[in-house]
Amino acid sequence: MKYFDVFNGDADGICGLHQLRLAEPRSEARLITGVKRDIRLLQQLSGIRDAHITVLDVSMESNRDALLPLLETGCKIFYVDHHFAGEIPKSENLTAHIDQNPDTCTSLIVDHLLAGKYRAWAIVGAFGDNLHASALQAAVSLSLDDPAVAKLKELGELLNYNGYGLSLSDLFFPPQELYRAVMPYADPFHFMEHSDVLPRLRNGYEEDMDSASRYVPVRITQAGRIFELPPEPWARRVSGVFSNLKAQEKPNLAHALLTRNPDETYRISVRAPLHNKQGADSLCRSFVTGGGRAAAAGINTLPQDQLELFFRKFDEIFTLGTLKEHGEV
C-alpha cells in the first residue's frame, strides 16, 4: 500500500501533520509539500491509484481537479483544512474535516480530532497562523505560564516564517526537512531545547524583520494600510510574519503587503482586521491567482494594470466591513 502525506509548508501544515503522525506513525509515507503559496499539491500525485493520502492545510477548491481523479481511482483520502473548500465531493473514499471558521486552523482541527493529545503542538500551529486568541484559549487547558506560552508563540512564528518564499531557494529549510526535524519530539519544549534549526531561523528572522521595520505604508485609507517591500529574498521570507505583525499593531484595520515578482507582477498578502476577520478570501479570489481564508489570503501574480482595481476592491470590502462592525450600515 502506498502512503502520501500532503501538507502546507507553513507552521499550521507542519504542526497539523506532526500531531497526526505522533498519534499514528507512518514513517513510510512520502512527503509532498512546498513553499506556503504552493498549494496545488495534489497535482504531484497525478496517476496514483489505490493509495492512502492525508491532506492538510491546502484548499480543497484549489486541488479539486486533482482530487476527483484520485478518488475515482481508489485512493482513500483523509482531508483536514480551514480554507475555502467549495462543494465537498461525495465519495466513500473521502473523509473530510473542513472548518472555515476564521478563528480556527488545521492544527486546531487535528487537536479536536485527537482530543487534545498533543495540544502544545496545536498551539504552536495556531500562533503561526496568527490566531493568537485561539492559541491562548487552547493554552489555558494546559495550565501554561506566560513564559511557556511565549516560547510556543515564538516557535510558531519561526516555523511559519520559514514557509514564505517564491521558491525553496528563498527558505532556510525545505519544509520536508523542517518537518523531519520536529518528528522526534512529542513535546515542543524539548524540540526548542535540543533543536539545531531554531538558532538559524531565529537569527534570520531578526535580521529580516530589522530590514522590514524601515518600511512605512505606501497607502493608508479608512479601510486599512498597504505596504510594499522590495523584490528581495529577505522580503519574501518575512512577508507572512510582517503582515501578521502589522495586523496586530492596528487590529481595527485591514492590511496588504505588495512584493514584486521577477516578471514585474505583484505577489500580495492580505490580512482582514483582527477585530472582524472577514473579507480577505473574497477579495483575493476575485483575482485569477488569488485564494486563502476569510482572515488571511493572498494573490500570487497580480498584473500591474490591475493594481488600482485591487486598491479599489480592498477599500470597498474592508471599509464596508468596518462600518458593519460599528453598526453604521
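Guide: L258 stands opposite I268 in β9. First, the ground rules. This is a predicted model, in which local features need pLDDT of at least 70, side-chain atom pairs count only at pLDDT 80 or more, and totals for chains, interfaces and linings use all residues. Residues are numbered from 1 along each chain as its sequence is written, and side-chain values use heavy atoms, with hydrogens and water left out.

Now the strand itself. β9 covers residues 266–271. Strands here are DSSP runs of E with at least two residues, and helices are runs of H or I with at least four, numbered from the N terminus. β9 is mostly covered, with 6 of its 6 residues buried. Buried means under 20% relative accessible area, against over 50% for exposed and partly exposed in between, with a 1.4 Å probe and protein chains only. Y266, I268 and V270 point one way. R267, S269 and R271 point the other way, and all are buried.

Next, the partners. Two strands pair if DSSP finds at least two bridges between them. Strand β8 (residues 254–260) runs antiparallel to β9, joined by 6 bridges. Their hairpin has 5 residues between the strands. There E264 takes a positive phi near 75 degrees. Strand β11 (residues 296–302) is also antiparallel to β9, with 5 bridges. In β11, I299 is the bridge partner of I268.

Now leave the strand for the core. The largest nonpolar core has 51 residues. Such a core is a set of buried Ala, Val, Leu, Ile, Met, Phe, Trp, Tyr and Cys residues joined through side-chain atoms within 4.5 Å. W121, L155, L159, F191, L229 and V238 have the most contacts inside it. Take V238. Setting aside neighbours within four places in sequence, V238 is in contact (heavy atoms within 4.5 Å) with Y161, D208, M209, A212 and L229.

One last stop: P175. P175 is found in helix α7, residues 175–182. Its relative accessibility is 0%, so P175 counts as buried. The P175 and G34 C-alpha atoms are separated by 6.4 Å, though the two residues are 141 residues apart along the chain. G34 is also one of the residues that P175 touches, residues up to four places away in sequence not counted.
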